[in-house]
Amino acid sequence: MAQPLVKKDDDRDDEAEYSPFLGIEKGSVLQEARVFNDPQLDARRCSQVITKLLYLLNQGETFTKVEATEVFFAVTKLFQSKDMGLRRMVYLMIKEISPSADEVIIVTSSLMKDMNSKIDMYRANAIRVLCRITDGTLLAQIERYLKQAIVDKNPVVASAALISGIHLLQTNPEIVKRWSNEVQEAVQSRAALVQFHALALLHQIRQNDRLAVSKLVTSLTRGSVRSPLAQCLLIRYTSQVIRESGNNTQSGERPFYDYLESCLRHKSEMVIFEAARAITELNGVTSRELTPAITVLQLFLSSSKPVLRFAAVRTLNKVAMTHPMAVTNCNIDMESLISDQNRSIATLAITTLLKTGNESSVDRLMKQITNFMSDIADEFKIVVVEAIRSLCLKFPLKYRSLMNFLSNILREEGGFDYKKAIVDSIVILIRDIPDAKEAGLLHLCEFIEDCEFTYLSTQILHFLGIEGPKTSDPSKYIRYVYNRVHLENAVVRASAVSTLAKFGAAVDALKPRIFVLLRRCLFDSDDEVRDRATLYLNTIGGDGSVVETDKDVKDFLFGPFDIPLVNLETSLKNYDPSEEAFDIKAVSKEVKSQPLAEKKATGKKPTGLGAPPIGPPSTVDAYERMLSAIPECANFGKLFKSSAPVELTEAETEYAVNVVKHIFDRHVVFQYNCTNTIPEQLLEDVVVIVDASEADEFSVLFSKPLRSLPYDSPGQTFVAFEKPEGVPTFGKFSNILKFIVKEVDPTTGEAEDDGVEDEYQLEDLEVVAADYVLKVGVSNFRNAWESLGPDCERVDEYGLGPRESLAEAVYTVINLLGLQPCEGTEEVPPNSRSHQCLLSGVFIGNVKVLVRLSFGLDGPKDVAMKLAVRSEDETVNDAIHEIVASG
Amino acid sequence: MASYSSCPSIKNILLLDSDGKRVAVKYFSDDWPTNSSKVAFEKFVFSKTVKTNARTEAEITLLENNIIIYKFVQDLHFFVTGGDDENEIVLASVLQGFFDAVTLLLRNNVDKREALENLDLILLCLDEIVDGGMILETNGPLIAEKVTSHSMDADSPLSEQTLTQAWATAREHLTRTLLK
């Protein structure tokens, strides 16, 4: 008996290796595909051959263009067979080959026939295949069938049509948008998945119409959505609407919050989780709003399913960053997750605890982390490192154990991103915790002794050069730095030379030793290393005398490099090697306009739902940088305000010009942004001639022409004025754009040598009081108002005459004054007959201004306004009234 | 495929064997444009998960900013990948649907050999779960039914049905006539 048993086992071993596709070859399968052409089709055999072809494709095999075409034509023959199994494989094959446009025509009629078949499965699949391979022209022909299919009673057919609609919307939006009515009907479908697909498509059709989305959400949140997946979508759309509607904290109640909260009691886990996550991601979520969401997430923490635990702990981890107190209730459940089998869950639990924990629990947690740090993925290690960094900044007293931990993991194996995260963390700790500096620097020194990443080595060497000389015993770092000169690649050696030079420059006592080391570097095999050594030896006094380092040299070694690299590069390229040395001072510090414009254009679309809307970039910074690059503006002081651009030309004129008014204490700078919209022209020496005869108090200081303005690449020219210090000065300026036009040959893009002078009349520009006011909000208007007292108040009443509506009047006055509306008072409730609006801001000379506006309807259309201003300076009060009186 | 913002989307579904080799895979996103990048991803995911115990409950991990939900049975490893801001539970429901459907289609013999022998069913199954990243269906039995529906359709002419089906249809006719 034993004998055959053993034999059977052997057989089984062989079988384990058995695969129906063993030894399969593309060539022979393509041969086999000839059966598709047989007059008497063997459906079973054909199916097998298609499976083999699909297997090959799935394994990564590719067909040449000819092979693919042959297979495709052969497969189309199989539409003759009525075998349903085979037909399914044919559909799959066509989708997999994705035929070219001229090939598609061959199958179109067969697929259209199937689309109208009585068999639901044919209809559903034919729709999916056809929509996948079709182009716009064919779509118009089948549109009618697709619209019908969307409302088909068979859910599979309806879903197929809806999904196809979602895909087609990317390529043929105008056609799909016509299906709105049918899709709307499908949203009410009884079939769960149809509802889901219909909702997804409907939202995508309407996503650019905020009002429509808001309406959709309003109607659907009242019930009638059954499918959990559709419910998840609805939650996402709802939070989008909430986000876009802005914070309506005035009433205290957030719109739709009740709906999200009710979803926490849904029977499907995915809906509960989606709702909980949506609540935690609300803008400025309050702890009262958070509580119910945290409670359900806490329940998930003790679930038997790893997916639920992971989802919950990941969300709570994010909440802990902003609302650590809200998560502390879950600490006990979190602690038990530290030993979770799933390391991802354990990591997230630990980092959450690090964020919510107190000083006493740090050491215990650190011990637990050390144990499992080695068997988690780099991504999670980075998460842990970041958590530890913020923890260290929170509890600076604990730096010793945390710094030790960081240095330990720095020694272990790890990828670049992980190591970079650790190094960054140590650098931040050194900067922010003075006590940690020496220990941290030594850890970094040890790390570069054995660091495989050139980038990190050079970063650390640079950092050592800045921080090392400031320590109590700079000499101990020299050895580490000089070792690099021996042992590393050229890039690191060069950067080590720079670091040595910095030590030499900053610490006079070390100079003789540094000189010796630098002289040795003169024999390096690499040009850059030798050049640097020579340069530094000469700058810090290579004659061997120990003198105090010049200020210039220090500036050179430690000062910031404020010349745009692009400019330096072009200057160097243009430099002609001659007797005259290259002068770096001649390089323009002016940032080329192109990068700035590009930066504005790449307004990144918020990715995913969780991403908060990206606020407008702070342009003040950009302006300040740009102005400081103009040497003449250097002594203007701090930029007080830059206005929004004011258009000086009509839209679609030859030259588009707008102006930004930059207000300084004693100066005003107009920045004219010019765009040349004529491809055949190149403008040179562009300048704006400003006539300030209607602005007596301003006197022209200088004007900075724009050297060249090619087609469609915006450039700037500036005009600066002097004005009385610290007071608002008003005036009207008329502008003429002057330039030299050169014809450009459109084929070569080269400009002719001779140009013609020309002028272009721009619109007038005014400097008004609003230009001297900064929008600055106050957190508590009433307190601020009371603290200024009625002594510094000036009240007056104004009639604003007939207005379209109260809201329009309020809007106009706010814009006129250029102040920041407070506490949401810029919104006028519909149908109200009176309104109070609170504004605040800072007037030039740093005077705080508060304004209380009371509006009332006087008669059917006439608006009356009472304006109360409080500030520390009476003249400012008068100025504000002046704005309104003259506006 | 283009990513459809605010709609759950699946980046890929993988079915690998116990050596991390492909049985059947389907990619819906452009994150892995070439076959070699796909293979590298599969290797990476496999090596990161192979030591975990994902036999009773589906497991989850976060690798290279993707959420990966996975489950192992015999010598088969099932994976579903989604973006890192995806609802984990939605992804898990896709994996569960795939897993249930395969179990039904392979009549509980869920192993590599059976899967390869019925590769046509597995490929159809992938086709019925996700279309271009959009979730089509997550209910296992329904997916399995859609894959096999061609053998149960009563509208096709008798000549094309298998013997058992023909018999079933005949019996149905008979009962109907008898009940009249």
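A:Lys420 and A:Asp424 make a salt bridge, with their closest N and O atoms 3.3 Å apart; the term stands for a side-chain nitrogen of Lys or Arg within 4 Å of a carboxyl oxygen of Asp or Glu. Both residues sit in helix H25 (residues 416-432) of chain A, four residues apart, about one turn of the helix. Helices here are DSSP runs of H or I with at least four residues, strands are runs of E with at least two, and both are numbered from the N terminus. A:Lys420 is partly exposed at 25% relative accessible area, and A:Asp424 is partly exposed too, at 31%. For the cut-offs, buried means under 20% relative accessible area, exposed means over 50%, and partly exposed is in between, using a 1.4 Å probe and protein chains only.

A word on the model itself. It is predicted, so local features need pLDDT of at least 70 and side-chain atom pairs count only at pLDDT 80 or more, while totals for chains, interfaces and linings use all residues. Residues are numbered from 1 along each chain as its sequence is written, chains are lettered from A and ligands numbered from 1 in the order in which they are written, and side-chain values use heavy atoms, with hydrogens and water left out.

Now have a look at helix H16 (residues 269-280) of chain A, which holds both A:Arg277 and A:Glu274, three residues apart, about one turn of the helix. These two also form a salt bridge, with the closest N and O atoms 3.5 Å apart. A:Arg277 is buried, with a relative accessible area of 9%, and A:Glu274 is buried at 3%. Taking chain A as a whole, buried residues make up 50% of its 887 residues, and its secondary structure comes to 38 helices and 17 strands.

Next, the meeting of the two chains. Chain A and chain B bury about 5,300 Å² between them, 58% of it on carbon and sulfur atoms; buried area is the accessible area (1.4 Å probe) that two parts lose on being put together, summed over both. A:Asn58, A:Arg88 and A:Val307 supply 12% of what chain A buries against chain B, more than any other three residues. The contact takes in 65 residues of chain A and 57 residues of chain B, where contact means heavy atoms within 4.5 Å.

Salt bridges turn up here as well: nine of them cross the interface of chain A and chain B. One pair is A:Arg314 with B:Glu88, whose closest N and O atoms are 2.8 Å apart. Another salt bridge brings together the side chains of A:Glu96 and B:Lys26 (3.5 Å, N to O). A:Glu96 lies in helix H5 (residues 84-97) of chain A and B:Lys26 in strand S2 (residues 22-27) of chain B, so this pair joins two chains. A:Glu96 is partly exposed at 36% relative accessibility, and B:Lys26 is partly exposed at 26%.

A:Thr51, A:Leu54, A:Tyr55 and A:Asn58 in H3(A) touch B:Leu119, B:Asp120 and B:Leu123 in H4(B). Helix H3 (residues 43-58) of chain A packs on helix H4 (residues 119-129) of chain B at an angle of about 60 degrees, with the axes 10 Å apart. Those axes are lines fitted to C-alpha atoms over the stretch in contact, and angles run from 0 to 180 degrees between N-to-C directions.
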